[in-house]
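Hi,

Here is the structure I promised to pass on.

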Amino acid sequence: MKPNRRVTPYLFLVPAMAVFGFAVLFPVVMTFAYSFTEWNGYGTMQFVGLDNYIEAANDVLFRDSFLHVVLYIAATILLEVAVGLVLAGLVSVKRRGSLWFRVAIFTPVMLPMVVVAVLWAFVYNNDFGLLNAALVNFGLEDLQRVWLGDPATALLAVSVVSGWVYAGFYMTIFYAAFSQVPTEVIEAARLDGAGEWQLFRRIKVPMIRNAITVSLLLCITGGFQGFDLFYVMTNGGPYGATEIPTTYLVKSVFTFGNVGYGSAMAMVLTAVVVALGLVFARVNREKPEKVNA
Amino acid sequence: MTDRRKVTTGAVAALSATALILTGCSAGGGSSDDNVLRVAMGSPGEAQIRVWDDVAAQFEAANPDVTVEMNYQNDDLYQTIGLPNLLNGRNAPDIYFEWAGARLEQRAADGFAADLTEAVTTGPIAGLFDDEVFSSLTVDDAVVMVPHAADVTNVLWYNEDIFAENGLTPPTTWDELLATCDALDAEGIIPIASGNKDLWAAGNWLAHLTSRVVGEDVYSSALSGETDFDTPEWVEAFGYVKELADHNCVNESANAVDDNEGAQLFFQGKAAMHAIGSWLVSWAIDEAPGLNFDYVNLPSMPGKGNQDSVIGVVTGYVVNAKSSNQDLAAEFLALLNSDENVQAFIGAELTPMALSASDGEEVDSRSAKLLDMLETAPAIVLPPDNGYDLETANALYAALAEVLGGQSSPEDAVAGIDNKLS
């Protein structure tokens with residue numbers, strides 16, 4: 001029997017669309033629907049129109065949570081992407097032990113985030129933790145802090161953990177991108193007298209701009225989706241200093257039973273992330289044209 | 001019908017069917033209709049888990065066609081995300097742990113609490129408890145929970161050895177407490193350990209403190225949303241919390257560590273006191289068997305409240321109104337409170353509320369004293385997170401944590417509660 005050319009392509013799409021519908025589309029549609037209701041997750045659902053969105057717009061804690069996540073993203077761009085880039089530059093220079101370093105730096109990416117969070121909560125612990133103990137051993141007692149209990153350091157402390165995990169991930173992306181840089185370009189630069197730093201800064205990094213752009217997009221959208229580290233390490237504290245939109249809306253839904261309000265916040269968060277993604281996609285599309293012009 | 005229209009119609013039908021299937025998948029909230037009796041709770045600790053598992057085995061032996069599935073979750077997880085998820089799931093528990101008060105009333109209002117009146121009056125549970133205990137477990141004239149234990153949710157535990165070494169006696173007044181803090185702090189010992197990352201640990205203790213200052217009626221009316229927090233008496237009460245901070249009474253890390261880490265400071269002898277509930281007895285016996293400890297109730301405060309009040313709550317088990325195994329569940333709860341099992345729980349350092357608890361196995365002296373203190377208390381204060389609306393409780397706890405951590409003045413903190421709740 002001859003396959004129907006019009007129907008067959010759609011049939012191939014059915015499994016993927018079913019998974020997408022189940023795992024993405026349906027939850028999004030339901031969350032959108034819940035965002036117009038007042039509902040605690042069990043009882044009667046009441047339609048409240050745009051009230052939840054108005055409440056979110058006026059909620060100082062929700063607004064602050066966006067500020068915190070923006071600061072977190074700024075920190076992780078440095079600690080994950082920039083550090084990952086530098087590490088990739090270092091390990092891509094052919095030296096003995098490069099493979100060992102790549103594996104070692106990438107290893108944290110493979111650990112479950114909850115395990116990482118618990119581990120680092122102990123490292124930061126004021127009373128039993130490694131960090132403060134190390135500072136004492138190095139004669140730096142004055143630098144001791146309650147790292148996760150001080151609003152001035154808590155967000156940075158969580159960001160450092162995120163950097164510890166994901167710098168290896170971005171290093172791997174950049175390492176792969178560096179390996180695509182034509183060797184004749186590198187050799188020509190060397191013949192012109194370029195050192196490793198100049199090669200890195202003036203040749204390799206500009207040539208992997210697309211990989212950097214994609215990494216920034218991943219870092220920014222991933223930052224907005226951050227949850228597990230914050231939930232385990234600080235639970236939004238101290239005094240709300242590490243409250244980010246995801247922890248705030250999860251508390252709203254699961255602790256206080258405000259499913260409608262939490263859904264509205266989730267939709268706002270989704271809209272922000274999608275908008276940022278679109279902006280990045282547009283920037284990414286335009287830049288090669290300018291370069292080629 | 002054209003091919004294009006056929007495809008479109010087919011696609012719409014497929015999508016509709018998918019949506020229906022998905023809707024069906026998500027429509028949980030009911031207990032499955034099978035011979036499995038599901039019991040859910042926050043983890044009660046290894047010693048009690050052994051008793052629970054034994055009760056389950058006894059029940060299965062008496063009912064060969066029934067399987068009992070025990071679900072022990074992390075305490076904090078159970079109290080927040082865990083139980084709601086379970087109740088909304090396809091295999092919802094038939095029996096679940098709950099706290100009396102606002103939470104229990106909410107469960108009943110949401111249709112997750114079966115009417116157990118018949119079971120406790122003429123059914124399998126009849127005669128196992130003093131009738132008076134059901135008054136706080138009744139919603140709309142229906143008994144909706146079978147009590148298991150009465151928790152004093154906060155007292156001041158102290159390390160007897162540290163106190164003896166430093167020539168201290170357990171504080172019974174506010175001034176004595178501050179003097180004790182000063183003496184311990186001067187010796188480099190943390191006076192009071194607290195793990196308040198999740199806000200309830202110190203929140204519960206300090207809420208009791210504020211109730212002693214503002215009086216039980218003002219405390220209750222503010223937490224019920226009937227009156228404001230931003231009043232002179234609440235500012236005064238928060239002023240005492242500031243004094244605790246000023247006297248370095250609490251570990252610097254209090255708001256950064258959880259209740260477990262806070263308890264470890266006490267268990268390891270780094271802190272001389274620990275403000276937490278009656279569950280510390282079995283916990284300490286498990287984790288710090290050599291610890292020599294006892295407790296005092298919150299020292300009396302200069303204030304309008306009853307200075308002998310006790311903060312506590314009854315906990316127990318609710319039968320899911322959506323369970324198809326409600327009769328089995330009632331029988332299980334009766335077995336749970338049988339003489340033999342009550343004695344087994346006492347052996348696991350829990351003091352059940354069943355009448356038979358006073359016979360046989362010797363209760364830990366501290367647990368017995370706590371239960372007696374609760375039963376004879378001239379005033380019982382409900383913990384904010386069990387007795388009242390959770391958002392209000394959380395706002396109070398967050399404000400108390402801010403003052404305890406030196407982040408807010410008492411005036412700003414109480415004003416902040418009202419702002420948050422408005």
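For what follows, two residues are in contact if their C-beta atoms, placed from the backbone, lie within 7 Å. This is a predicted model, where local features need pLDDT of at least 70 and side-chain atom pairs count only at pLDDT 80 or more, while totals for chains, interfaces and linings use all residues. Residues are numbered from 1 along each chain as its sequence is written, and chains are lettered from A and ligands numbered from 1 in the order in which they are written.

Chains first: 22 residues of chain A are in contact with 29 residues of chain B. On the chain B side, helix 1 (3-26), helix 3 (75-88), helix 11 (259-267) and helix 17 (390-404) each give two or more residues. (Helices are DSSP runs of H or I, at least four residues; strands are runs of E, at least two; both are numbered from the N terminus.)

Now the domains, with bounds from an automatic or database domain assignment. Chain B splits into domain 1 (36-144 + 313-365) and domain 2 (155-309 + 378-421). Their centres, taken over C-alpha atoms, are 30 Å apart. Domain 1 of chain B puts 13 residues into the contact and domain 2 of chain B puts in 12.

Finally, chain B has an open sheet of 4 strands, order 8-9-7-10, with mixed pairing; strands pair if DSSP finds at least two bridges between them. Strand 8 (190-193) and strand 10 (293-296) of chain B are the edges, each pairing on one side only. Strand 7 (residues 155-159) of chain B runs antiparallel to strand 10 of chain B, joined by 4 bridges. B:Tyr158 has B:Asp294 in strand 10 of chain B as its bridge partner.

Cheers
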